[in-house]
Amino acid sequence: MDLLNNFFFIALPYIAIIVFVIGTVYRYRSLKFGYSSLSSQFLETRKLFWGSLLFHWGIVIIFFGHLIAFLIPQSILLWNQQPLRLFILEISAFTFGIMAFIGLINLLYRRLSSARIRVVTNYMDIILEILLLIQIFLGLWVAYGYRWGSSWFAIVISPYLKSLFTFTPKVDAVFMLPLVVQLHIITGFLIILIVPFTRLVHFLVFPLSYLWRPYQKVIWNRDRKKIRNAKEAWTVHRPENN
Amino acid sequence: MDVRSQVAMLFHLDKCIGCHTCSIACKNIWTDRKGAEYMWWNNVETKPGTGFPTKWEDQNIYKGGWKKSDDQKLSLRGSGKYKGLLNIFHNPYMPSLEDYYEPWTYKYLDLIESPKGNDQPTARPVSLITGKPIDIKSGPNWDDDLSGTPEFARRDPNLEHLSPSEKEAMFQLEKMAMFYLPRICNHCLNPACVASCPSGAIYKRGEDGVVLINQQVCRAWRMCVTACPYKKSYYNWSTGKSEKCILCYPRLEAGLAPACMHSCVGRIRYLGVLLYDADRIQEAASAPEDELIDRQLELILDPFDENVIQKAKDNGIADSTIQAAQTSPVYKFVKEWGLGLPLHAEYRTLPMLFYIPSLLPVMATLSDADNSAQSGKLDPIAKFWNKNTLYDTSTNSLWGTIEQSRFPLKYLANMFGAGNESKIKEVLKKQLAVRVHRRNVTVGDINSEFSQKALSDVGLTSKMADDIFYLTSLAKFDDRFNIPPAHREQAIEMLENTGDAKGSSGFGFKESPTRGL
Ligand code: HEM
């Protein structure tokens with residue numbers, strides 16, 4: 001039993017994170033043409049509206065919720081000191097979870113039922129969406145069945161995750177958790193593991209820099225200030241405005 | 001003054017015969033691939049008509065281009081930093097396949113391999129996307145030559161602001177007229193596609209102003225499809241990348257004309273360098289609507305001006321480019337003669353493709369036949385509609401023919417004048433004056449006083465008129481295309497070691513350009 005636990009809560013996380021980092025960096029640097037959100041809106045737009053909007057707003061907010069709970073658990077605990085605020089947090093998180101769940105069911109249904117979308121569906125899309133579906137389902141189950149997650153996450157899960165990142169894995173508390181919660185953790189790392197092999201890489205390149213770059217973009221193949229200066233020695237450098 | 005050079009285009013609509021050779025040349029070279037079947041980087045539309053994609057000019061639907069807000073600032077109509085990022089999960093203004101058409105082929109083999117039977121075998125159409133049999137609902141040039149039909153012509157967005165009677169007059173059987181509108185990417189000075197791209201994949205090349213999409217940076221956020229008011233950025237559904245006209249830049253760099261221009265049967269296309277002042281782009285793009293065209297033309301600099309030449313050289317523009325700007329046919333048409341107008345300047349992207357609006361359907365009027373000596377000299381077919389009606393292309397009532405045209409000027413103004421009729425009138429008058437002048441020279445039945453007056457009325461000299469005539473009607477290949485090849489001797493300054501790309505395929509992909517996981 002210990003062996004299995006060690007595998008799932010120590011080995012798997014490390015494998016997942018290593019594969020994630022190396023895989024995404026390699027893909028970003030070397031397989032650029034294949035790096036895309038692979039939008040299928042052009043082929044089908046009505047069903048995508050209900051699928052993509054519900055799913056993304058739900059999952060993105062849930063994602064950041066997990067991130068905050070992991071990075072600054074104290075903030076959540078502080079917030080949760082008053083029961084009312086705890087309820088607000090839990091209920092809104094649950095709502096976003098439901099949104100993501102319904103959205104994903106729509107997306108998966110669209111992928112499988114529309115002939116056009118099937119043409120642009122590969123096996124990794126299906127694997128990913130099924131894994132995500134399981135993961136969100138488990139998450140909702142945990143939230144409903146083992147209250148109040150937002151509080152015990154900060155006490156149990158955050159230290160565990162931190163211990164992984166400091167290379168001193170402390171897994172005893174995790175071993176004690178109910179099976180559903182353990183499954184939720186395992187599926188989470190599985191999803192991280194397969195990110196480089198799926199379209200999920202698209203959320204790593206969220207175009208935030210668009211907000212501060214100037215609207216127009218001009219690229220010179222040659223350094224227009226340098227070309228005419230025949231006196232200067234030839235230096236190996238790329239034009240700056242490139 | 002920040003002098004830059006732009007490879008600009010001019011299309012002479014009076015010469016377009018609507019043969020679609022340009023479209024085919026382009027398709028065969030660039031878009032005969034999976035995912036690109038439906039794309040027409042170059043297409044030719046019948047006007048009045050709905051165009052491709054359907055009703056692309058209706059920005060209430062597609063939200064393309066720039067709009068000026070109350071504080072006089074420009075913003076993208078349907079995308080941009082905030083709207084774009086908020087709509088990134090689902091873009092509500094993006095045209096979908098239905099707005100273009102579902103590409104298809106036929107199962108030709110069935111014609112040969114069907115078993116013997118009582119019916120003649122047929123080749124069924126099958127979708128090029130799903131491979132399944134489809135009912136064809138529309139296709140490329142679906143409205144070709146269908147001007148006058150309620151389905152297409154009457155839904156033309158340019159008919160807006162025309163009175164009902166004007167519209168009716170356009171569609172009367174005997175008065176119906178149409179012309180062709182060939183379109184490619186305008187390689188704008190203030191491109192909305194570039195501005196809308198969240199990942200910064202789209203850029204304008206400094207050297208020649210060609211607007212390109214970096215296929216390795218595009219992430220299919222698909223905002224450019226919305227932002228381009230001309231709908232000339234297309235989404236490749238197979239690779240998950242957007243694509244657009246590249247002005248055949250590999251050909252341009254070698255000094256060759258782009259495929260669509262080279263193959264143009266009517267020889268309507270001209271290509272040449274323009275020098276412009278990049279510092280004033282924003283100012284010109286945010287001008288009041290009735291000044292837009294003038295301000296855009298003011299950006300284009302005189303390539304003979306010493307100061308301009310010096311500033312161009314300071315900016316690294318090669319001598320050959322400056323020379324090309326001095327002999328540019330586009331400069332002549334657009335600046336010297338004032339004949340070229342941008343399409344839909346009101347989108348504020350400052351397009352660098354100019355059009356000379358059609359004169360023919362405007363110029364001819366139907367009136368009661370008269371028997372003057374002059375009409376006796378005309379070719380009888382050209383002259384008489386029927387016994388009592390004259391199909392009048394004669395010139396006695398000089399500008400009157402333009403005023404009572406078969407096409408309301410308003411219609412042309414909505415396309416080429418940002419709604420401003422006087423712009424159109426000016427160009428049509430000039431064209432008419434050149435005809436009068438040439439008729440005086442060749443046929444001689446118009447007295448020279450009359451033709452001189454026609455010319456001076458519109459500010460042309462007979463020398464200019466002859467030049468316009470030459471470049472319009474007789475120009476040879478090298479007159480129409482004046483392209484300075486890229487300077488390969490400077491390639492060393494690009495400092496991309498050729499060895500780096502050795503072993504990679506033609507356009508530098510080390511991976512094959514196929515859809516990712
Ligand atoms: C804020 C960051 C994100 C952005 C900007 C984003 C954007 C997009 C876009 C543009 C698409 C294509 C939609 C279309 O077909 O037009 C897409 C699809 C998808 N995204 Fe995201 N996404 C983000 C985050 C995420 C996250 C966190 C997940 C999951 C953990 C996710 C999972 C998916 C999936 C599964 C699809 C495929 C949907 C389908 O067509 O079946 N995305 N995303």
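1. The three strands β1(A), β8(B) and β9(B), in that order, make up an open sheet with mixed pairing, where strands are DSSP runs of E of at least two residues, numbered from the N terminus, and two strands pair if DSSP finds at least two bridges between them. Its edge strands, each pairing on one side only, are β1 (218–219) of chain A and β9 (211–213) of chain B. Strand β8 (residues 202–205) of chain B runs antiparallel to β9(B), with three bridges between them, and K204(B) has V211(B) as its bridge partner in β9(B).

2. On provenance, this is a predicted model, in which local features need pLDDT of at least 70 and side-chain atom pairs count only at pLDDT 80 or more, while totals for chains, interfaces and linings use all residues. Residues are numbered from 1 along each chain as its sequence is written, chains are lettered from A and ligands numbered from 1 in the order in which they are written, and side-chain values use heavy atoms, with hydrogens and water left out.

3. An oxygen atom of the ligand lies 2.5 Å from a polar side-chain atom of E129(A), and a ligand oxygen is 2.6 Å from a side-chain N or O atom of S39(A). For H202(A), a side-chain N or O atom is 2.7 Å from a nitrogen atom of the ligand.

4. The whole structure holds seven cavities of 30 Å³ or more, a cavity being a set of points on a 1 Å grid over the protein atoms alone where a 1.4 Å probe fits but cannot get out. The largest has a volume of about 120 Å³, and its lining of 15 residues has C185(B), N186(B), C188(B), C193(B) and C228(B) nearest the centre.

Definitions and conventions
A polar contact is a pair of N or O atoms within 3.5 Å; within protein, one must be able to donate a hydrogen and the other to accept it, and residues adjacent in sequence count only if both atoms are side-chain atoms. On a 1 Å grid over the protein atoms alone, a cavity is a set of points where a 1.4 Å probe fits but cannot get out, and a pocket is an open set with protein on both sides within 12 Å along at least five of seven lines; lining residues have an atom within 4 Å of a point. Grid points are joined across faces, edges and corners, and a volume is the space filled by probe spheres set on the points. Helices (H or I, at least four residues) and strands (E, at least two) are DSSP runs, numbered from the N terminus.
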